[in-house]
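Work through these exercises with the structure open. Try each task before you read its solution.

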Amino acid sequence: MSRETDALTGLLPSMTRLSTTLSGGQLFEWATADEQRGLVTRVPDQDDQRVRLITPTAEGERLVGGYLRVITGWFTAALAGWSDPDRRDPVRLVADPSAYPDTVVGGEH
């Protein structure tokens, strides 16, 4: 197997846990909690009235926008020292995080 394949295979357990969480009713609970906080609303689907679409409120959009600014800023700072080829092909580096040890929080791999 290639290093890229090995790196992606390593993500499968996390993806499986996420899938199990979302299919186990957790998504419904999160949506309900966010709706009660005023972050989302449920809107009937135009094509299928049995379905409810979850849409962000203005407050939800503000909160997500702030989160994305923080995350984008963190990644921009973390990757600032990477070469252009490495920034274009990060999957290759997942297999060998020792290539940029200062990027890893706490220096652990």
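**Exercise 1. Confidence**

Find the mean pLDDT of the chain, then the elements with the lowest and highest mean pLDDT.

*Solution.* 
- Step 1. This is a predicted model. The mean pLDDT of the chain is 77. Of its residues, 66% reach 70 or more.
- Step 2. Go element by element. Helix 1, residues 3–36, has the lowest mean pLDDT, at 70. Strand 1, residues 40–44, has the highest, at 92.

**Exercise 2. A threonine in a loop**

Locate Thr-57. Which backbone oxygen does its side chain reach?

*Solution.* 
- Step 1. Strand 2 covers 52–56 and helix 2 covers 58–78. Thr-57 sits in the loop between them.
- Step 2. Follow the side chain of Thr-57. It reaches the backbone oxygen of Gly-38 at 2.6 Å.
- Step 3. Set aside neighbours within four places in sequence. Thr-57 is then in contact with Gly-38, Leu-39, Val-40 and Thr-41.

**Exercise 3. Salt bridges**

How many salt bridges does a search of the whole structure find?

*Solution.* 
- Step 1. The search finds 4 salt bridges. The next steps treat some of them.
- Step 2. Arg-37 pairs with Asp-34, at 3.3 Å from N to O. Arg-37 has 57% relative accessibility, so it counts as exposed. Asp-34 has a relative accessible area of 24%, so it is partly exposed.
- Step 3. Arg-42 pairs with Glu-35, and their closest N and O atoms are 2.9 Å apart. Arg-42 is partly exposed at 26%. Glu-35 is partly exposed too, at 34%.
- Step 4. Arg-62 pairs with Glu-59, with the closest N and O atoms 2.7 Å apart. Both residues lie in helix 2. They are 3 residues apart, about one turn of the helix.
- Step 5. Arg-62 counts as exposed because its relative accessibility is 52%, and the cut-off is over 50%. Glu-59, at 36%, is partly exposed.

**Exercise 4. A nonpolar patch**

Which residues make the nonpolar surface patch of about 700 Å²? Is Tyr-67 buried or exposed?

*Solution.* 
- Step 1. The patch is made by Val-64, Tyr-67, Leu-68, Val-70, Ile-71, Trp-74 and Phe-75.
- Step 2. Pick out Tyr-67. It lies in helix 2.
- Step 3. Tyr-67 has 53% relative accessibility, so it counts as exposed.

Methods:
Residues are numbered from 1 along each chain as its sequence is written. This is a predicted model: local features need pLDDT of at least 70, side-chain atom pairs count only at pLDDT 80 or more; totals for chains, interfaces and linings use all residues. Side-chain values use heavy atoms; hydrogens and water are left out. Helices (H or I, at least four residues) and strands (E, at least two) are DSSP runs, numbered from the N terminus. A polar contact is a pair of N or O atoms within 3.5 Å; within protein, one must be able to donate a hydrogen and the other to accept it, and residues adjacent in sequence count only if both atoms are side-chain atoms. Contact means heavy atoms within 4.5 Å. Patches are made of residues with over 30% relative accessible area and no salt bridge: like charges are joined within 9 Å, nonpolar side chains (Val, Leu, Ile, Met, Phe, Trp, Tyr) within 5 Å. Accessible areas come from the Shrake-Rupley method with a 1.4 Å probe; for residues, only the protein chains shown count as cover. A salt bridge is a side-chain nitrogen of Lys or Arg within 4 Å of a carboxyl oxygen of Asp or Glu. Buried means under 20% relative accessible area, exposed over 50%, partly exposed in between (1.4 Å probe, protein chains only). pLDDT is the predictor's confidence in each residue, from 0 to 100.
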